[in-house]
Amino acid sequence: MRKKILATALSLTMAATLLVGCGGGGQDASSDKSSDKGGGDKKEIVVGFSQVGAESDWRTANSESMKSTFSKENGYELIFDDAQQKQENQITAIRNFIQQEVDYIILAPVTETGWDTVLKEAKDADIPVIIVDRMVEVSDDSLYTAWVGSNFKLEGQKACEWLKAYAEAKGIKEINIVDIQGTIGASAQIGRTEALNDAVKANGWNLVAQQTGEFTQAKGQEVMESILKKGDDINVVYCENDNEAFGAIDAIKAAGKKVGPDGDILVMSFDTVKDGITKTMEGEIICNTECNPLHGSRVEEIIKKLEDGGTPDKQAYVEEGIYAHSDDVAKVTIDGTDYEVTKVTQEVIDKRAY
Ligand code: AHR
């Protein structure tokens, strides 16, 4: 859209210059200059953002971050589309953005696969695509310009290392674990599930059940209820996000069991949204691995670099922490790197921006 506006501004400027050159107008050079400025430099950058949906507190914080960054005051026009967790809606949104000739397309993909065709359409239309949060798996990397998001496998590895160390510290001999997975095929699910499957194998844990909770509280609760009904021995639930954990905790309590370090079941989670780390301080969630949603400024940095004619990093991981109810485990080590575990206090919660 801005490309068209810039072209129009340029031809108007050229026409004005020609008129002045012919000596026919009363315009002086300074008024010419200010009209240039008004018509060219100050135009908004038009950004189309296809968001996954509003399935979790994390997602709400992520949408807020994008909306506050890509605001009118900051020089943007943001076209925001909520896909309600459906890939077909995201594909339609991207096609609409192409038709509207936006300057940039930002995509937070629901799942990794199935993007080749529509991203090729964006490339053919010469619109840079920035992927945020989850990843895309495409046959040709040039179909997107840059990606910024979390290392979901590393998040899962941190959580599993924490569980291993905690079980050792507490003398827990047997781990009977349930995995409430995220949306199947989403990078956040793939990485976190993969890390758990590896740890189950390596440590001889018993994986009692593995089922998707689609990253929502309602589904997390429903899945946990049905698993509990089977009556299996369960002492750990690995929820792949905070909202699933909230649902699972409700289901466990409703079944007459206690969550927490002195209870029947330890609940683990990811995200560390405000309610998530509050429950971590209280012990209802025993360990919570951070997934940072504040991507607005990170994406803006990429756009600014492109606007300045630079080349942003193709892929950039966000740095994230790990939080726990207690200080029984001080750090976890993954591939030779130490990650300090933060015990959640009120101060930690007060500082949380999401
Ligand atoms: O892709 C990030 C994940 O998606 C977050 O863990 C989850 O809460 C969200 O819905």
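1. In which sense do strand β3 and β4 pair, and over how many bridges? Strand β3 (residues 104-107) and β4 pair in the parallel sense, over three bridges. Within this pairing, Ile 105 has Val 129 in β4 as its bridge partner. Two strands are said to pair if DSSP finds at least two bridges between them. Helices (H or I, at least four residues) and strands (E, at least two) are DSSP runs, numbered from the N terminus.

2. The model is predicted, and local features need pLDDT of at least 70, side-chain atom pairs count only at pLDDT 80 or more, and totals for chains, interfaces and linings use all residues. Residues are numbered from 1 along each chain as its sequence is written, and side-chain values use heavy atoms, with hydrogens and water left out.

3. Strands β3 and β4 belong to an open sheet of six strands, with the order β2-β1-β3-β4-β5-β11 and parallel pairing. At the edges stand β2 (76-82) and β11 (315-317); each has a single partner strand, so one side of each lacks a neighbour in the sheet. On average, neighbouring strands of this sheet are turned by 15° against each other, direction ignored. Such axes are lines fitted to C-alpha atoms, for helices over the stretch in contact, and angles run from 0 to 180 degrees between N-to-C directions.

4. Strand β4 (residues 129-132) is also joined to strand β5 (residues 146-149) by three bridges, and the two run parallel. Here Ile 131 has Trp 147 in β5 as its bridge partner. Both faces of β4 are covered: Val 129 and Ile 131 on one side, and Ile 130 and Val 132 on the other, are all buried. Buried means under 20% relative accessible area, exposed over 50%, and partly exposed in between (1.4 Å probe, protein chains only).

5. A second open sheet is formed by eight strands in the order β7-β6-β8-β9-β10-β12-β14-β13, with mixed pairing. Its edge strands, β7 (206-212) and β13 (331-334), each pair on one side only. Neighbouring strands of this sheet are turned by 20° against each other on average, direction ignored.

6. Strands β6 and β7 pair in the parallel sense over six bridges, and Val 178 stands opposite Ala 209 in β7. Gln 181 lies in strand β6 (residues 176-181) and is buried, with a relative accessible area of 8%.

7. Strand β9 (residues 266-271) is joined to β10 by four bridges, and the two run parallel. Asp 271 has Glu 290 in β10 as its bridge partner. Strand β10 (residues 287-290) is covered on both faces, with Cys 287 and Thr 289 on one side and Asn 288 and Glu 290 on the other, all buried.

8. There is one cavity of 30 Å³ or more, and about 90 Å³ of space lies in the largest cavity. A cavity is a set of points on a 1 Å grid over the protein atoms alone where a 1.4 Å probe fits but cannot get out; lining residues have an atom within 4 Å of a point. Grid points are joined across faces, edges and corners, and a volume is the space filled by probe spheres set on the points. The lining has 13 residues, of which Trp 58, Arg 59, Arg 134, Phe 215 and Asp 271 lie nearest the centre of the cavity.

Technical notes:
1 Å grid on protein atoms, 1.4 Å probe; cavity = no way out; pocket = protein on both sides within 12 Å on 5 of 7 lines; lining within 4 Å.
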